[in-house]
Amino acid sequence: MNRNVKDIVVEGITGVSVLVIIFIIVTILAVTIVGGWPNLNLTFLSEFPKDGMTKGGIFPAIVGTAVMTIIMAVAAVPFGVITAIYLAEYASEKSILAKTIRFAVKTLAVVPSIIFGLFGLGFFIGFVGKNMDGLLNGGALKWGQPNILWASFTMALLTLPVVIVSVEEAIRTIPREMREASLALGATKWQTIRSVVLPGSVSGILTGTILAVSRGAGEVAPILFTGAAYFLSDLPHSLSDQFMSLGYHIYIMSTQSSDVDATLPIQFATTLVLLLLTFSLNAVAVILRYRIRKRAK
Amino acid sequence: MNDIKVKVKELSLRYGTNPALKKISMDIPEKMVTAFIGPSGCGKSTFLRTLNRMNDLIDNVTIEGEVLIDNINIYDKNIDVVNLRKKVGMIFQKSNPFAKSVYDNIAFGPRINGISQKSILDEIVEKSLKQAAIWDEVKDRLFNSALSLSGGQQQRICIARTLAVNPEIILMDEPASALDPISTAKIEELIHELKKEYTIVIVTHNMQQAARTSDLTALFYMGDLVEMNKTEIIFSNPARKQTEDYISGRFG
């Protein structure tokens with residue numbers, strides 16, 4: 001084949017690939033918006049589901065997703081940041097411990113999400129919760145069953161690798177000269193991390209957090225057995241209550257409902273809400289990072 | 001000649017099995033400027049970094065011998081490296097202010113040492129910036145980012161930041177190599193002022209700079225100390241042929 005022809009072919013293939021991706025995104029957005037927008041209104045956002053979930057709103061699912069996401073972030077971010085600090089600052093590259101942690105993080109990142117759900121069921125509910133009940137409640141069932149705390153913790157495990165990797169990357173972008181400047185002024189290693197390395201990694205920490213949050217907000221499998229409920233007539237009042245979630249709500253309406261066709265408008269509208277939620281979270285992340293970068297300059 | 005501030009005895013340093021410094025011995029006098037010259041890779045920067053133990057940060061470095069500062073071996077097991085580095089400050093080749101305001105850069109050292117009272121910090125910041133001859137240029141923008149200043153100003157901010165910790169010795173690793181001639185002249189002028197109060201050790205690639213700024217000059221080559229003497233002797237009448245060849249530009 002002529003070299004020029006090859007060029008045209010390559011350009012054609014790459015162009016088509018891009019078009020396919022754009023087509024998929026546009027289709028998803030178009031179908032969701034067309035199907036969901038007419039049903040999206042204030043009542044839908046602020047009401048409980050009604051009539052076997054064929055009518056009414058998704059208020060408890062929004063609240064449940066938000067609360068679950070917050071607890072997840074509170075659990076995953078500090079833990080992830082601390083691990084990332086250890087990997088980037090303290091562990092020697094050649095140490096067996098650091099290699100083990102890295103291997104574990106990589107493995108954790110590729111474990112299917114349903115496995116996290118099963119792990120959460122076995123570990124948090126079956127082991128931690130059961131033992132808490134034994135010790136604190138004299139065996140009465142409170143923590144040894146699915147609830148929002150265990151679901152959030154399970155989700156935190158799922159998103160932990162994302163946090164660790166993005167924070168470690170951010171920490172490593174702090175130039176060695178900055179650390180040396182601090183150490184040469186008589187700062188200890190911890191003072192250097194606290195006052196030079198971490199402030200410089202804020203954008204990475206935020207990115208990690210938001211990526212984790214937006215991934216966690218939409219995941220269903222990890223919370224299937226660990227806390228998400230089919231329908232609740234009330235919002236969760238304590239960490240030991242179950243909760244409704246947007247992703248799970250879509251799943252049950254499309255698979256478990258007695259009248260799937262009747263729930264279709266609600267499904268579309270719920271999907272649209274979930275998409276808007278994750279998109280706006282990402283937008284917040286982008287804006288925050290932009291501001292921090294601008295301030296750093 | 002002033003009293004000896006730093007006495008180095010048979011100091012050797014290896015990266016892995018690779019020798020970088022071979023049994024260096026030298027005396028560095030107090031409140032004078034000592035310059036290290038030599039071709040790239042000769043060990044002068046490595047040697048400078050042994051004086052405040054910055055090489056500790058690098059894996060796989062082995063150091064033998066002694067460095068006595070005020071007659072105390074800084075490689076002794078009981079030495080607190082953090083205190084050592086407060087006493088022996090360092091200015092780097094590439095100016096490295098933190099991504100903070102001018103004020104916070106200067107106040108960094110005092111703050112990590114536990115000073116938090118604003119009036120004391122204000123005083124230290126002003127005094128250090130004046131000492132580093134940059135007060136007039138930045139006094140109206142103390143709370144702007146230090147990164148918004150020019151390269152030469154940034155380097156003087158770094159010097160002020162070091163002075164704020166109140167060191168006795170200041171190590172400078174090619175402090176003007178990335179600066180234009182006017183900024184370089186300002187740094188050299190500053191070195192001249194600072195030696196009244198501080199012991200200064202400067203690594204430089206620029207032989208005119210060594211000749212202009214220093215009282216003593218040491219030539220390094222391949223990890224050896226070739227010759228050390230008063231600067232005017234090194235540049236006019238060196239004892240070794242190798243020194244003469246280097247300063248006249250015949251090698252290196």
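**Figure 1. Salt bridge between B:Lys87 and B:Asp70 in the predicted model.** B:Lys87 forms a salt bridge with B:Asp70, and the closest N and O atoms lie 2.8 Å apart. This pair joins distant parts of the chain: B:Lys87 belongs to helix 2 of chain B, whereas B:Asp70 sits in the loop between strand 4 and strand 5, 17 residues apart. B:Lys87 is partly exposed, with a relative accessible area of 24%. B:Asp70 is likewise partly exposed, at 32%. The structure shown is a predicted model.

Figure 2. B:Lys5 is buried, because its relative accessible area is 6% and the limit for a buried residue is under 20%. Which residues are linked with B:Lys5 in a network of salt bridges? The network consists of B:Lys5, B:Asp70, B:Lys87 and B:Glu168. Side chains of opposite charge can pair when their charged atoms come close. A search of the whole structure finds 25 salt bridges over all chains.

**Figure 3. Surroundings of B:Ile72.** B:Ile72 lies in strand 5 of chain B, which covers residues 72-73. With a relative accessibility of 47%, B:Ile72 counts as partly exposed. When residues up to four places away in sequence are not counted, B:Ile72 touches B:Val67 and B:Ile79. B:Val6 is 66 residues from B:Ile72 in sequence, and the C-alpha to C-alpha distance between them is 9.2 Å.

**Figure 4. A:Glu180 at the contact of chain A and chain B.** A:Glu180 forms a salt bridge with B:Arg49, the closest N and O atoms being 2.6 Å apart. Between chain B and chain A the count is two salt bridges. Within chain A, A:Glu180 forms a salt bridge with A:Arg176, where the closest N and O atoms are 3.8 Å apart. A:Glu180 and A:Arg176 are separated by about one helical turn, because they are four residues apart in helix 7 (residues 176-184) of chain A. A:Glu180 is buried, with a relative accessible area of 4%.

**Figure 5. Interface between chain B and chain A.** The contact takes 25 residues from chain B and 17 residues from chain A. About 1,800 Å² of area is buried between the two chains, and carbon and sulfur atoms give 62% of this area. Four residue pairs are found in polar contact across the interface, with both residues at pLDDT 80 or more. On the side of chain B that touches chain A, the elements giving two or more residues are helix 2 (81-87), strand 6 (88-91), helix 3 (102-112) and helix 6 (151-163) of chain B. The residues of this side divide into 13 nonpolar, six polar and six charged.

Figure 6. Is A:Thr263 buried or exposed? A:Thr263 is buried, with a relative accessible area of 0%. Leaving out residues up to four places away in sequence, A:Thr263 touches A:Met53, A:Thr54, A:Met253 and A:Ser257. A:Leu277 is partly exposed, at a relative accessible area of 33%. Apart from neighbours within four places in sequence, A:Leu277 is in contact with A:Thr65 and A:Leu246. A:Leu277 and A:Thr32 are 245 residues apart in sequence and 14 Å apart in space, C-alpha to C-alpha.

Figure 7. A:Ile8 is found in helix 1 (residues 3-36) of chain A and counts as exposed, at 60% relative accessibility. A:Ile8 and A:Asp133 are 125 residues apart in sequence and 68 Å apart in space, C-alpha to C-alpha. Chain A contains 12 helices and two strands, and its C-alpha trace spans about 75 × 70 × 40 Å along its principal axes. Chain B has 10 helices and 10 strands. The radius of gyration of chain B is 18 Å, which agrees with the value near 18 Å for a compact globule with 252 residues.

Conventions
Residues are numbered from 1 along each chain as its sequence is written. Chains are lettered from A and ligands numbered from 1 in the order in which they are written. Side-chain values use heavy atoms; hydrogens and water are left out. Buried means under 20% relative accessible area, exposed over 50%, partly exposed in between (1.4 Å probe, protein chains only). Contact means heavy atoms within 4.5 Å. Buried area is the accessible area (1.4 Å probe) that two parts lose on being put together, summed over both. A salt bridge is a side-chain nitrogen of Lys or Arg within 4 Å of a carboxyl oxygen of Asp or Glu. A polar contact is a pair of N or O atoms within 3.5 Å; within protein, one must be able to donate a hydrogen and the other to accept it, and residues adjacent in sequence count only if both atoms are side-chain atoms. Ala, Val, Leu, Ile, Met, Phe, Trp, Tyr, Cys and Pro count as nonpolar, Asp, Glu, Lys and Arg as charged, and the others, Gly among them, as polar. The radius of gyration is taken over C-alpha atoms; the globule rule is 2.2 Å times the number of residues to the power 0.38.
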